Amino acid sequence: MSIAELVYEQVKALPEPLAREVLDFIGFLRERGERRDWRDLMSAQAGSLAPVWDNAQDKVWDDAISPPLG
């Protein structure tokens with residue numbers, strides 16, 4: 001029996017509120033994986049974009065303060 005089938009059998013025996021919690025947890029795990037992929041992509045891009053972001057012409061903006069939102 002596969003892991004998915006074992007999980008399915010266990011979840012079938014749970015009351016509805018607990019089964020919903022399991023479903024929410026599965027969503028959390030999937031989202032966490034997607035965030036990790038996104039973070040890896042951002043890290044990969046940071047190296048190639050560093051010359052664009054960090055240059056003498058834009059140094060004046062390094063200490064700029066953003067206005068408060070709202």
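Being four residues apart in helix H2, arginine 20 and glutamate 16 are separated by about one helical turn. Their side chains meet in a salt bridge, at 3.6 Å from N to O. The model is predicted, so local features need pLDDT of at least 70 and side-chain atom pairs count only at pLDDT 80 or more, while totals for chains, interfaces and linings use all residues. Residues are numbered from 1 along each chain as its sequence is written, and side-chain values use heavy atoms, with hydrogens and water left out.

**Overall form**

- The protein chain has two helices and zero strands; these are DSSP runs numbered from the N terminus, with helices being H or I of at least four residues and strands E of at least two.
- Helix H1 covers residues 3-12, and helix H2 covers residues 16-53.
- The radius of gyration is 23 Å, whereas a compact globule of 70 residues would have one near 11 Å (taken over C-alpha atoms, with the globule rule being 2.2 Å times the number of residues to the power 0.38).
- Along its principal axes, the C-alpha trace spans about 65 × 35 × 10 Å.

**Exposure**

- Of the 70 residues, 3% count as buried (buried means under 20% relative accessible area, exposed over 50%, and partly exposed in between, with a 1.4 Å probe and protein chains only).
- The protein chain exposes about 6,800 Å², and carbon and sulfur atoms supply 61% of that area (by the Shrake-Rupley method with a 1.4 Å probe; for residues, only the protein chains shown count as cover).

**Salt bridges**

- There are two salt bridges in the count, each being a side-chain nitrogen of Lys or Arg within 4 Å of a carboxyl oxygen of Asp or Glu.
- Side chains of opposite charge can pair when their charged atoms come close.
- Lysine 12 and glutamate 9 form a salt bridge through their side chains, at 3.5 Å from N to O.
- Those two residues, lysine 12 and glutamate 9, are three residues apart in helix H1, which means that about one helical turn separates them.
- Lysine 12 is partly exposed, with a relative accessible area of 49%, and glutamate 9 is partly exposed too, at 37%.

**Surface patches and charge**

- Patches are made of residues with over 30% relative accessible area and no salt bridge, where like charges are joined within 9 Å and nonpolar side chains (Val, Leu, Ile, Met, Phe, Trp, Tyr) within 5 Å.
- Met1, Ile3, Leu6 and Val7 make up a nonpolar surface patch, with about 440 Å² of accessible area together; isoleucine 3 lies in helix H1 and is exposed, at 63% relative accessible area.
- Glu31, Glu34, Asp37 and Asp40 form a negative surface patch; glutamate 34 sits in helix H2 and counts as exposed at 55% relative accessibility.
- A positive surface patch consists of Arg32, Arg35, Arg36 and Arg39; arginine 36 is in helix H2 and is partly exposed, with a relative accessible area of 41%.
- The protein chain has 8 positive and 13 negative charges, and their mean positions are 5 Å apart; Lys and Arg count as positive and Asp and Glu as negative, while His and the chain ends are not counted.
- The place of each charge is taken as NZ of Lys, CZ of Arg, CG of Asp or CD of Glu.
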